[in-house]
Structure formats: C-alpha cells, structure tokens
There are 2 protein chains.
Amino acid sequence: MKAIVALGGNALTGKERKAEIKKQFEAMKSTAKSIAKMIKNGWHIAITHGNGPQVGALLLQQKIAMREVPPMPLHVLGALTQGEIGYIVQQCLLNEFERQGINRRIATIITQVLVDENDEAFKKPTKPIGPIYSEEEARKLEKSYVMGRVEGGWRILVPSPKPISIIEADIIKKMMEEGIVVIAAGGGGIPVVKKGDGLQGVDAVIDKDLASQKLANEVAADILLILTDVEHVCINYGKENEMPLTDVSLQEIEEYYKDGHFPPGSMGPKIEAAINFIRNGGKETIITSINKAWEALQGKTGTHIHE
Amino acid sequence: MKAIVALGGNALTGKERKAEIKKQFEAMKSTAKSIAKMIKNGWHIAITHGNGPQVGALLLQQKIAMREVPPMPLHVLGALTQGEIGYIVQQCLLNEFERQGINRRIATIITQVLVDENDEAFKKPTKPIGPIYSEEEARKLEKSYVMGRVEGGWRILVPSPKPISIIEADIIKKMMEEGIVVIAAGGGGIPVVKKGDGLQGVDAVIDKDLASQKLANEVAADILLILTDVEHVCINYGKENEMPLTDVSLQEIEEYYKDGHFPPGSMGPKIEAAINFIRNGGKETIITSINKAWEALQGKTGTHIHE
C-alpha cells in the first residue's frame with residue numbers, strides 16, 4: 001500500500017512553531033516514531049511537509065542583511081528549506097529505523113512543482129509572508145516582490161497558484177515502489193512555470209496540502225494522510241454544536257465545504273486536497289494528528305473521507 | 001559507463017565566484033551544455049559540486065542577523081546549500097535536456113557523509129570559513145564554533161575530516177543505474193558521525209573532491225571526472241619549467257605528489273582523490289576544465305590518471 005504523508009505544524013517544529021534547529025530535531029525525533037510504525041507494517045510512503053517557520057527565518061535574515069548580501073528570490077529560498085528540512089527528517093527517520101532494526105532506505109528529493117503563469121493568483125498576490133519591512137526596505141524589495149501595506153509597515157505578498165503537476169513525480173513513484181521512503185515536495189514544492197526556454201522559478205507559494213494531493217494522485221497512492229494538530233476535522237468548529245467527523249463520503253464533505261465549515265486559512269485547503277484526491281482516483285484521505293497517525297490508518301480514529 | 005562528475009569553481013558560479021543567484025543560473029546554463037554531451041552519448045552520471053561561495057553568503061547573513069535570528073549549525077547550512085544548488089543544477093539540466101530532446105530524468109539527493117569523530121582533524125580545526133567577526137560576535141559564536149584570530153578579527157575554524165562513507169550511496173547507485181542523472185554529495189556532503197543514538201551532524205567541512213571520490217568508488221563508477229578551472233594538471237606549476245600532464249600512471253602521480261607539486265589548498269585534494277579512486281578499484285580519474293569535459297572523456301585533452 002502506498003501513502004503520501006503530509007506533515008504540518010507540530011510534526012516539524014513542535015508547539016512553538018519556530019525554525020530553531022534543536023526544536024526541529026526534537027519534534028522530528030518524536031514524529032519519526034509514528035512514521036516508523038507505518039513502515040514496519042509494510043507501507044510505502046513519501047513524506048511531504050510545510051516550511052512556513054523555516055522560510056520565515058530565512059526571509060528575516062535576508063531582510064536584516066540585505067545591504068551586505070543580495071536577497072535570494074523566494075523559489076530559491078524554497079529550495080534551501082527543502083534541503084534543510086529534508087536533511088532533518090531523513091536523519092531522524094534513519095536513526096529511528098536503525099534503533100528498531102527496520103531495513104528501509106530514505107531519500108530527500110528536491111522537488112519542483114509546475115504552476116500556470118496565467119493562474120488567476122498571479123494577477124493579485126494576496127498571501128503575506130515573512131517579516132514586516134520599513135518603507136525604505138519595502139522600496140528596495142519592490143524590484144523583486146509585490147509589497148503590501150500592513151499594520152506597522154509592509155510585507156511581501158505572494159501569489160498562491162494551484163499546482164498543475166509535480167516535475168519529479170515519476171522518480172518519486174519509482175523510488176516509493178522500490179521501498180525507499182521519499183521526502184518530497186517540501187513547502188508545497190518549488191513553484192516553476194513553463195517559459196520559452198524551459199522551466200523557470202517564480203516567487204509564489206503553493207499550498208502544501210494541495211501539492212501533496214497532486215503528488216498522491218501522480219504516484220497513484222492509495223491514501224493521502226494529512227497530519228495536523230487536531231485528531232478530527234470538525235463541523236461547526238469552535239461553536240456549541242461543534243461535531244468531529246469520523247467517516248464521511250465525498251458528497252457529504254463537499255456539502256460541508258460549500259456551507260463554509262472550513263476556513264480558507266486553515267482547514268480549507270486540507271479539505272480541498274481531500275476532495276481532489278478522491279475525485280482523481282484516490283481511495284481515501286485521512287486527516288488526523290501526528291501521534292494518532294498509525295491508529296487512524298487502522299481505522300480507529302481520525303477523519304476518513306472516501307468515495 | 002558510469003561517471004562521477006565533480007563540478008568546481010567556474011562551473012557553478014562563473015568567474016566571480018559569488019553566490020548571486022542570477023550568476024549561478026547563468027554559469028549552470030553553460031555547464032549544462034557540457035553535461036548534456038555526456039548524457040547524449042549514453043553516460044550514466046552523478047554530479048557532485050562545491051558550495052564555498054553559497055555557504056559563505058549564508059554565514060555572512062547569519063552573522064549580520066544573529067541578534068534576531070538564531071544562527072544555524074554548519075551541517076544544517078550544508079543541507080540548505082545542497083537544496084539551493086541542487087535545484088539550480090537540476091532545473092538548468094532539465095531545460096537543456098528538453099531543448100535537445102534528451103529523455104533522461106534528474107534528481108537531487110540530499111546526502112550525508114559519515115566521518116570518524118576520532119579523526120585527527122577534530123582535535124585542531126584549521127579550515128577558516130565564512131566572514132570575519134568582531135571580538136563581541138566571536139564570543140557569542142564560541143558557544144558553537146572554534147574561533148581563530150585572523151587579521152582584522154576572528155573567523156570560524158572548522159575541521160576537515162576524511163569521508164568514510166556516503167550514507168545514501170546505495171540509493172544513488174541504483175538511480176544512476178536506472179539512468180537518472182543524480183546530483184549528490186553537494187559541498188562534500190553533510191558531515192555526520194555515529195553516536196550512541198544514531199547519526200548526528202557535526203560542524204565540519206568535507207573536501208568535495210574526496211567526497212566525490214568516495215562516492216565514485218561506492219557506486220563503482222568507471223571514471224571520476226573532476227572539473228576545475230584548468231585544462232590540465234601541471235607539474236612545476238607557475239615556474240619556468242611548468243609542464244602540463246596528459247597521461248600519467250598512478251605511480252608517476254604519487255611521485256609528483258610526494259615531491260610537493262600540488263599545493264594542499266588547491267590541486268592537492270584533487271590529486272589525492274585521483275589516487276584514492278584508482279587505488280580502490282576505479283579505472284581512471286580525469287581532471288580538466290568544464291568546457292573541455294567531453295573532449296577529455298574522448299581522450300582528446302585533460303589530465304588522465306590511471307593504473
């Protein structure tokens with residue numbers, strides 16, 4: 001059985017959501033135990049992950065050092081964080097496998113994700129990323145970024161286009177089938193567009209759950225397992241009649257989605273990914289917390305979305 | 001035929017040796033044409049590369065921003081640059097392949113390299129890296145690094161231990177055999193040691209040519225192709241009786257090496273790598289410049305070292 005395991009939030013950086021390296025190793029050591037359970041039970045997986053705190057730290061460093069060191073474009077920063085996080089994930093997993101006598105190899109694949117340069121998102125970048133800049137700094141950055149006024153200054157605004165395809169999907173698929181645990185599409189992948197002379201990076205951020213879904217369909221995964229901070233998806237979240245979802249059909253979840261149960265900034269993209277995965281031939285999307293991953297895969301907890 | 005192609009100097013950053021992203025893409029676009037010739041002629045290769053200017057830029061950014069953003073350890077910076085450079089190399093290659101109708105896939109593998117924690121190099125770090133720091137900055141950094149006095153301030157001194165084995169070598173070998181062009185062991189690889197609870201990153205720098213050689217032997221490559229800024233290795237370099245080497249036996253090159261023809265900072269490690277590769281079963285090491293790579297592989301130029 002093949003699964004894409006999308007790591008978010010606590011799984012990578014712990015509760016504080018900071019990019020500090022020690023915390024990342026600590027969080028990942030614990031996450032590795034959950035992943036090892038899947039591997040021990042014969043699953044073939046690729047792991048995807050977010051990069052918010054890590055890319056935020058790099059942007060802040062660039063901001064402070066921008067007079068002395070030319071800032072790098074966002075697509076390159078994405079590549080940097082794939083190296084950083086991939087390394088941490090692969091080392092922690094390898095050590096956990098070694099401890100448990102699991103004989104499976106691990107590899108991080110730097111992943112580009114194709115987006116459409118005519119995607120509506122490019123017309124008006126809306127997603128703020130990184131630190132707050134002064135007027136003077138913002139003017140410098142305007143050469144490479146769209147800057148948006150926020151309270152206290154300016155922030156970089158980037159478009160969030162939809163992923164069209166995963167450039168390295170066939171390699172990832174082959175490696176998964178050979179039993180290699182692959183770490184891929186980190187931070188939603190490095191966004192690239194097709195230009196006259198080939199692929200070219202663009203300053204955008206692809207939602208990591210949508211990129212994970214795209215990858216899941218392209219490698220023909222059975223399960224898309226989205227690991228987040230809650231054990232269940234809820235409807236009427238935060239209200240008196242809040243209700244956790246355990247087992248829902250595609251039709252049901254689409255109804256809930258239309259009715260506005262899942263806010264765009266948090267659960268929304270996960271539900272969109274869940275729906276897309278099933279619509280494109282996937283068996284089941286499971287959304288749960290990192291420490292419940294294995295129980296959820298056995299059907300004991302989590303929110304299960306299927307045809 | 002299998003080869004490890006070690007990219008250095010101009011191949012990655014152009015003549016100015018700066019980490020500026022535009023220059024890196026430009027330099028690599030040109031380098032990709034040389035690589036494409038090998039691929040078109042049926043070679044199976046893995047590409048390794050240095051990371052001096054790139055890791056230097058990150059260290060400088062960290063220095064300037066160290067009050068606001070906690071600096072990352074050197075092994076993590078190594079992982080960051082593997083992501084950065086791997087992305088640039090793979091995108092430029094993919095575009096060149098597309099232009100020429102070459103149907104070969106490309107993947108960057110984040111690579112850890114095992115070193116011995118009892119390596120003599122750890123007793124007294126001697127390799128200076130990154131920018132010059134003030135006394136105050138140096139004191140802060142002393143918590144994580146050995147600092148050495150230099151003219152105008154302090155620099156980080158790191159050990160340069162010998163590579164023992166490439167952790168991801170078997171994956172890289174398999175991918176190469178399947179015809180995938182692999183980018184691996186960037187910057188000499190991320191140095192790790194074996195501790196009680198598994199692998200652990202260390203702040204060191206592994207010579208990229210020695211790491212390339214180790215990889216070449218571990219994947220059973222036929223050729224180790226070291227690309228640098230000169231077409232030939234010379235004896236009596238810079239003197240009146242300077243002589244380029246074209247075809248030399250292991251025994252001859254060992255004699256020249258002993259006689260001090262190859263300085264430790266530049267040609268020395270390349271010659272050491274050349275010797276080690278042959279001694280451990282490799283067929284031939286070729287040292288030449290990037291734009292002569294294909295001609296050298298055909299035996300038309302470059303320095304060829306063989307049994």
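## Helices α7 and α9 in chain B

In this predicted model, α7(B) passes α9(B) in a crossing that is right-handed. Helix α7 of chain B covers residues 208–218, and its axis lies 8 Å from that of α9(B), with an angle of about 15 degrees between the two. Because angles under 35 degrees count as roughly parallel, α7(B) and α9(B) are described as roughly parallel to each other.

On the side of α7(B), the contact is made by Lys208(B), Asp209(B), Leu210(B), Gln213(B), Ala216(B) and Asn217(B), while α9(B) contributes Pro269(B), Lys270(B), Glu272(B), Ala273(B), Asn276(B) and Phe277(B). Sorted by class, the residues in this contact of α7(B) with α9(B) are five nonpolar, three polar and four charged.

## Helices α7 and α9 in chain A

In chain A, helix α7 (residues 208–218) and helix α9 (residues 267–279) have axes that come within 8 Å and cross at roughly 15 degrees, which makes α7(A) roughly parallel to α9(A). The crossing of α7(A) past α9(A) is right-handed. Among the residues that make this contact are Leu210(A) and Ala216(A) of α7(A), together with Ala273(A) and Phe277(A) of α9(A). The contact of α7(A) with α9(A) has, by class, five nonpolar, three polar and four charged residues.

## Helices α8 and α9 in chain B

Helix α8 of chain B (residues 250–258) also packs with α9(B) (residues 267–279), at an angle of about 150 degrees and with the axes 11 Å apart. Since angles over 145 degrees count as roughly antiparallel, α8(B) is roughly antiparallel to α9(B). The two helices, α8(B) and α9(B), cross in a left-handed way.

Leu250(B), Ile253(B), Glu254(B) and Tyr257(B) of α8(B) meet a set of residues in α9(B), namely Gly268(B), Ile271(B), Glu272(B), Ile275(B), Ile278(B) and Arg279(B). By class, this contact of α8(B) with α9(B) has six nonpolar residues, one polar residue and three charged residues.

## The interface between the chains

The size of an interface is often given as the accessible area lost when the parts come together. Chain A and chain B bury about 4,300 Å² between them, with 64% of it on carbon and sulfur atoms. Of the area that chain A buries against chain B, Gln61(A), Tyr87(A) and Arg105(A) supply 15%, more than any other three residues. Contact between the chains involves 51 residues of chain A and 51 residues of chain B.

Four salt bridges are found across the interface of chain A and chain B. The side chains of Lys174(B) and Glu178(A) meet in a salt bridge, with a distance of 3.6 Å from N to O.

How values were computed. Residues numbered from 1 in each chain as written. Chains lettered and ligands numbered in written order. Predicted model: local features only at pLDDT ≥ 70, side-chain atom pairs only at ≥ 80, totals over all residues. Heavy atoms only, no water. Axes fitted to C-alpha atoms, helices over the stretch in contact; angles between N-to-C directions. Helix = DSSP H or I, 4+ residues; strand = E, 2+ residues; numbered from the N terminus. Parallel < 35°, antiparallel > 145°, perpendicular 65-115°, else oblique. Left-handed = near helix turned anticlockwise from the far one by under 90°. Contact = heavy atoms within 4.5 Å. Nonpolar A, V, L, I, M, F, W, Y, C, P; charged D, E, K, R; others polar. Buried area = accessible area lost by both parts, 1.4 Å probe.
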